[in-house]
Amino acid sequence: MLTYGIHSYGRMIRDSVRTDAYARALRSCVGPNSTVLDIGTGVGIFALLACQFGARKVFAVDPNETIEIAREIASVNGYADRIEFIADLSTKIELPEPVDIIVTEMHGILPMFELNVASIIDGRKRLLAPGGTIIPQVETLWAAPVEAPESYEEVASPWSTHPYGLDLRPAMRIAANSWFKVRTAPDALLANPQCWATLDFRSVESANVAGQAAWTATRAGTGHGIAIWFDSVLIDGIGFSNAPGSEETVFSQAFFPWPEPLEISAGDRIAVALRADSMQDYHLWRWDTTVWDQGQEEKVKFSFRQSTFFDLPISSAALRKRADDFQPRLNEDGQVKRFVFSLMDGKNHLGKIASQAVAQFPGRFADHEDGKAVVADISEKYSE
């Protein structure tokens with residue numbers, strides 16, 4: 001399935017701040033004998049540019065169906081003989097030779113997005129030749145407390161304004177533990193930005209990122225949360241940023257709201273401990289905030305602990321099923337998958353598997369076509 005629609009890829013290509021920077025970085029390091037690995041190739045723009053700049057061989061990797069569009073684009077541009085497209089996760093592939101350059105841009109608003117960091121670490125260790133180049137090389141993460149009433153209103157207003165005379169405040173607990181994309185103006189900052197983490201992809205060993213930032217408020221205002229952004233160094237001397245006030249990009253900034261607006265005075269001390277822990281294909285975020293009145297440690301004005309762990313309601317039944325002492329038993333959907341898996345031995349056609357599944361579980365499928373659709377989905381995901 002497509003992670004992004006074609007329009008999303010188009011927006012990224014049209015983002016000249018981002019795409020021009022990557023093009024300059026590739027041009028500066030690709031030579032006539034270069035081999036390049038493009039992780040998360042999408043529609044193949046970086047793979048095509050690498051060929052345009054003279055690369056001998058490009059391996060373009062993406063597990064999504066977009067790669068089929070990339071094949072067509074490579075063909076019409078005359079690069080089909082130099083680009084090898086691989087429809088898989090980069091962490092699962094082997095290459096016939098180490099590559100000289102790895103290029104990737106899979107992060108969203110922040111670098112900690114899906115498998116981005118883990119894929120770069122794996123690629124550097126397994127697939128990059130000694131002394132090879134990684135693009136990007138370093139990303140520095142910045143944070144600042146912000147006055148953002150409009151952004152906060154989007155978070156809070158459905159739950160705090162009693163629409164139709166109803167009290168919906170319990171949902172605010174979930175909403176306040178989510179973060180999202182915003183556009184932050186420089187004058188919204190309540191303190192000078194501070195670096196809270198640096199990702200050096202030439203040496204980083206873990207997809208988990210943690211750090212702390214502390215500020216002294218430079219002005220009075222109503223604090224609504226923390227804005228976070230990145231400065232990206234693609235290679236020495238070439239990069240871009242999504243910082244407030246910089247040229248607009250598709251990334252904007254990330255906004256981590258507080259549970260309630262905070263009245264901040266100039267001179268107040270604000271500290272946030274931030275961490276993003278890799279959980280397979282997503283990151284679990286946590287942000288713990290403390291505000292001291294005029295920096296006096298004995299005068300804590302506010303203290304909050306927030307996490308995206310709480311941004312979805314979790315039932316007691318779901319938690320019970322994750323307990324160490326829970327004894328699981330397959331439900332009907334699990335039994336269907338187990339049955340289909342048992343027939344996926346390379347000897348049975350999908351039509352036959354579907355017919356047998358429908359016969360085995362008559363109450364599960366509306367008709368034979370329903371059974372074929374379920375089996376086809378299982379085959380697409382798990383077969384080779």
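Here are some numbered notes on the sheets, helices, salt bridges and one surface patch of this predicted model.

1. Start with the parallel sheet. Five strands make up an open sheet, and reading across they come in the order β3-β2-β1-β4-β5, with parallel pairing. The edges belong to β3 (83-86) and β5 (128-135): each has a single partner strand, so one side of each has no neighbour in the sheet. On average, neighbouring strands here are turned by 20 degrees against each other, if you ignore direction.

2. Inside that sheet, have a look at the β1/β4 pair. Strand β1 (residues 35-39) runs parallel to β4 (residues 99-104), and four bridges join them. If you want a specific pair to click on, isoleucine 39 has threonine 104 of β4 as its bridge partner.

3. Now the helices on this sheet. Helix α2 (residues 16-29) lies across β4 and β5, and its direction is at about 155 degrees to β5. Helix α4 (residues 66-76) also packs on the sheet, where it touches β2 (57-61) and β3, making about 165 degrees with the direction of β3.

4. On to charges. Searching the whole structure turns up 17 salt bridges. One of them is between arginine 56 and glutamate 97, at 3.1 Å from N to O. Arginine 56 is in the loop between α3 (45-52) and β2, while glutamate 97 is in the loop between β3 and β4, so this pair ties together parts 41 residues apart in sequence. How accessible are the two residues? Arginine 56 comes out at 36% relative accessibility, so it is partly exposed, and glutamate 97 is partly exposed too, at 26%.

5. Another salt bridge joins glutamate 205 and lysine 125, with an N to O distance of 2.6 Å. This one links distant parts of the chain, 80 residues apart: glutamate 205 is in the loop between β8 (194-200) and β9 (209-216), and lysine 125 is in helix α5 (residues 116-126). Glutamate 205 has 53% relative accessibility, which puts it over the 50% cut-off, so it counts as exposed.

6. The salt bridge between arginine 286 and aspartate 288 has its closest N and O atoms 3.0 Å apart.

7. Last, the surface. Which residues make the nonpolar patch of about 360 Å²? Phe309, Phe310, Ile314 and Leu319 do. Of these, leucine 319 lies in helix α8 (residues 316-320). Its relative accessibility is 43%, so leucine 319 is classed as partly exposed.

Terms used
Residues are numbered from 1 along each chain as its sequence is written. This is a predicted model: local features need pLDDT of at least 70, side-chain atom pairs count only at pLDDT 80 or more; totals for chains, interfaces and linings use all residues. Side-chain values use heavy atoms; hydrogens and water are left out. Patches are made of residues with over 30% relative accessible area and no salt bridge: like charges are joined within 9 Å, nonpolar side chains (Val, Leu, Ile, Met, Phe, Trp, Tyr) within 5 Å. Accessible areas come from the Shrake-Rupley method with a 1.4 Å probe; for residues, only the protein chains shown count as cover. A salt bridge is a side-chain nitrogen of Lys or Arg within 4 Å of a carboxyl oxygen of Asp or Glu. Helices (H or I, at least four residues) and strands (E, at least two) are DSSP runs, numbered from the N terminus. Buried means under 20% relative accessible area, exposed over 50%, partly exposed in between (1.4 Å probe, protein chains only). Two strands pair if DSSP finds at least two bridges between them. Axes are lines fitted to C-alpha atoms, for helices over the stretch in contact, and angles run from 0 to 180 degrees between N-to-C directions. Contact means heavy atoms within 4.5 Å.
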